[in-house]
Amino acid sequence: MNMSEANRVTEFILLTFPCSREVQILLFLLFCVSYILTLMGNGAILCAVKVDHRLHTPMYLLLANFSFLEICYINTTVPNMLTNFLSESKTISFTACFLQFYFFFSLGIAETFLLPLMAFDRYLAICWPLQYPTIMNSRLCINLVVLCWVTAFLCYPVPIYFITQLPFCGPNIIDHFVCDPGPLLALSCIPAPGIELSCSLLSSFIIFITFFFILASYMLVLRAVFRVPSGAGRRKAFSTCGSHLVVVSLFYGTIMVMYISPNSGNPAGTQKIVTLIYSSVTPLVNPLIYSLRNKDMKAALRKIQMCTKISQN
């Protein structure tokens, strides 16, 4: 017997962080400030790369794309989460939930593609310094960036389509702040181990392949760095790669906890905290990591600050 339309779930309830009203308001203020700082930090990097012609190189083009990605990434989750902190119903429509699912995962995959591309760029710059300008020219860099974005957004439409075809007849409460596949599949009226396994295998494949590519790139970089006779040269190379390695560690360390196994068995609280780290905390600290360890970026940001003060006067 087909499930009637009257019994079909048309909206979900995202519990976010269940707590008292006072704590909800406090969390709203905290995440609102974090959200604004994230937009400002990543926006500053975008402006710096655009304004300073010295930063019109593949390395900074990739960094600008990464900052733009982080801005898009937090906009898939944080605005809705902020609304839920002040809302009594905390509802999200069926369509909006799966749209959030699609963009959240597509942008996450785009990040797993851009990070190896940034590692590859550093490998070419350090291991092949003379050939680097010829190999990694602006045209190749742009083509690779476009390939990352397009491929990322083509990975999840089919799995999401099959999940939307599952019968959702209630309950409709998701103990999370984002429409994640695990909680969504748990609400299906029929078990879907095939879809769950497929999503897990796809995520694991992308995560492992890109992570091992980054590891291989930096192993070759380290081997080249240790051959540099000058101590100053080694420090410069380590400084260039250090920021990227910190970002990689933060991002991959958290997503591996969430998406490697078909059912990790993590409690809802742990899932929220881990998801919060890679979806909100990492985009917040990334501008600090890149700007504080990069002389050219700090100089460009100071230039923007001076221009802003002059225009205000």
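This is a predicted model: local features need pLDDT of at least 70, side-chain atom pairs count only at pLDDT 80 or more; totals for chains, interfaces and linings use all residues.

Visitor: OK, how many disulfides does the count come to?

Guide: Two, taking a disulfide as a pair of cysteine sulfur atoms within 2.5 Å. In one of them, Cys-97 is bonded to Cys-179, with the sulfur atoms 2.0 Å apart.

Visitor: Where do Cys-97 and Cys-179 lie?

Guide: Cys-97 is in helix H4 (residues 94-127) and Cys-179 is in the loop between S3 and H8, so the bond ties together parts 82 residues apart in sequence. Helices here are DSSP runs of H or I with at least four residues, strands are runs of E with at least two, and both are numbered from the N terminus.

Visitor: Are Cys-97 and Cys-179 buried or exposed?

Guide: Both are buried. That means under 20% relative accessible area, while exposed is over 50% and partly exposed is in between (1.4 Å probe, protein chains only).

Visitor: And which hand does the disulfide of Cys-97 and Cys-179 have?

Guide: The torsion about its S-S bond is about -125°, so this disulfide is left-handed.

Visitor: What about Cys-169, which cysteine does it form a disulfide with?

Guide: Cys-189, with the sulfur atoms 1.8 Å apart. Cys-169 sits in the loop between helix H7 (157-164) and S3, and Cys-189 in the loop between H8 and helix H9 (193-226), so this pair links parts 20 residues apart in sequence. Cys-169 is partly exposed at 37%, and Cys-189 is partly exposed at 32%.

Visitor: What's the pairing in sequence order?

Guide: Numbering the bonded cysteines that way gives 1-3, 2-4.

Visitor: How about Cys-19 and Cys-127?

Guide: Cys-19 is partly exposed, with a relative accessible area of 33%. Cys-127 is also partly exposed, at 22%.

Visitor: Switching topic: where is His-176 found?

Guide: In the loop between strand S3 (173-174) and helix H8 (181-186). His-176 counts as buried because its relative accessibility is 0%.

Visitor: What is His-176 in contact with?

Guide: Leaving aside neighbours within four places in sequence, His-176 contacts Leu-14, Leu-15, Thr-16, Pro-183, Gln-271, Lys-272 and Thr-275, where contact means heavy atoms within 4.5 Å.

Technical notes:
Residues are numbered from 1 along each chain as its sequence is written. Side-chain values use heavy atoms; hydrogens and water are left out.
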